[in-house]
Amino acid sequence: MRAVEFEEYGGPEVLKVVETEVPEPGPGQVAVDVAYAGVNFADLKARAEGYRVQSLPYRPGLEVSGRVRAVGAGVEGLRPGQEVAALVDSGAYAEVVVADTATVFPLPEGLDLRTAATLPTVVPTAHALLHEVGRLSAGESVLVHGAAGGIGTVAGQLARAAGAGAVYGVVSSAAKAGHALEHGYDEVFTTGTFADDVRRATGGRGVDLVLDPIGGDTLRQGLDVLAVFGRLVSFGNASGAEPWRVGQPELYPRGRSVAGFSILALAQSAPQALRALAERSFRTVTDGTVRLPVTAEFALSEAAEAHRLMGGRTSTGKLLLRITD
């Protein structure tokens, strides 16, 4: 089978198509013939910086859609030929992947494989950030960084559906603002001025919930624009800054709180909780609450081009690799 790997860290050019053996599922695992694979920022960090890479060569990719090829011993409720979406620890850029049964999700009726590939990481993450972790209540305000990306596109719609009083987004360039405004946001700010813009928009009150995948100075500024009893949820460190510790001096005076979320960590520590979260969040797609547009699609052999587009910070929505037709 064909797969995309890299043997050294670097730019998109280190991604190479290789021929390799078809993997077989072990006990409690499922092999999937992949139709589409999602492209995520974590894939770029793995390629460039070794994020989550245990050894080289390494095959990136965290999510797929496709059809069950084979099931391992002890697997129940899944059968060959069944259409599924799956979250994997790595290796999604391939014609066949193996996933643990707990992170393989049969597709709801009416959901096509192309749409399904957008779901495993983005939709459960956005749902958890707002509801399970962020605990957004109707009437509250929310600020979402990366508002034009995959998670941001979903978060804006979910916040609007939850009855948020105001939904603010932050994007890296003014060119992305239009995309965010079409997906649930009331007002969109650019990265460099967002703190001042939030204070202006809220009359100095601040926002009730901030969703931050960037870390570093952006996280610090986000904490500063929280309202009394506000919450900040960290779900990444795209800035590459040193992890920042927040403590009593920053939190006590206004009753603020900070939480964190990683769907990959949840898959390892509490797979059944992830499964329940996925089922809840997928329903928001099938019932029409959420629409996640695929804004660019590439062949497996064009994985480097997909990385260049996402790495250039000009992409919006969701990027996919088309593995098989």
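E187 counts as partly exposed, at 26% relative accessibility, where partly exposed is the range between buried (under 20% relative accessible area) and exposed (over 50%), using a 1.4 Å probe and protein chains only. Its side chain meets that of R200 in a salt bridge (2.8 Å, N to O), a term for a side-chain nitrogen of Lys or Arg within 4 Å of a carboxyl oxygen of Asp or Glu. R200 lies in helix α6 (residues 194-201) and E187 in strand β10, so the pair ties together parts that are 13 residues apart in sequence. Helices (H or I, at least four residues) and strands (E, at least two) are DSSP runs, numbered from the N terminus.

A word on the basis: this is a predicted model, in which local features need pLDDT of at least 70 and side-chain atom pairs count only at pLDDT 80 or more, while totals for chains, interfaces and linings use all residues. Residues are numbered from 1 along each chain as its sequence is written, and side-chain values use heavy atoms, with hydrogens and water left out.

- D208 pairs with R205, their closest N and O atoms being 2.8 Å apart; D208 counts as buried at 7% relative accessibility, whereas R205 is partly exposed at 43%.

**Around A31**

- A31 has its place in strand β3 (residues 29-39) and is buried, with a relative accessible area of 0%.
- Leaving aside neighbours within four places in sequence, A31 is in contact (heavy atoms within 4.5 Å) with P23, P25, R67, V68, R69, A70, V96, V97 and V98.

**Aromatic rings**

- The whole structure holds four aromatic pairs; rings of Phe, Tyr and Trp (its six-membered ring) pair if their centres lie within 6.5 Å, and planes under 30 degrees apart count as stacked, over 60 as edge-to-face and the rest as tilted.
- F6 and Y9 make a tilted pair, 6.0 Å centre to centre with 55° between the planes; F6 is buried at 0%, while Y9 is partly exposed at 38%.
- Y168 and F189 make a stacked pair, 5.6 Å centre to centre with 25° between the planes, and they link strand β9 (residues 166-171) to strand β10 (residues 187-190), 21 residues apart.
- Y168 counts as buried at 8% relative accessibility, and F189 is buried at 3%.
- F6, Y9 and Y58 form one aromatic cluster.

**Nonpolar cores**

- A nonpolar core is a set of buried Ala, Val, Leu, Ile, Met, Phe, Trp, Tyr and Cys residues joined through side-chain atoms within 4.5 Å.
- The largest has 51 residues, of which L130, V142, V154, Y185, L211 and F261 touch the most other members; helix α3 (residues 122-133) gives the most to this core, with six residues.
- Beyond its neighbours within four places in sequence, V142 is in contact with residues including L130, Y168 and L211.
- A second, separate core of 39 residues includes V32, V34, L44 and V75.
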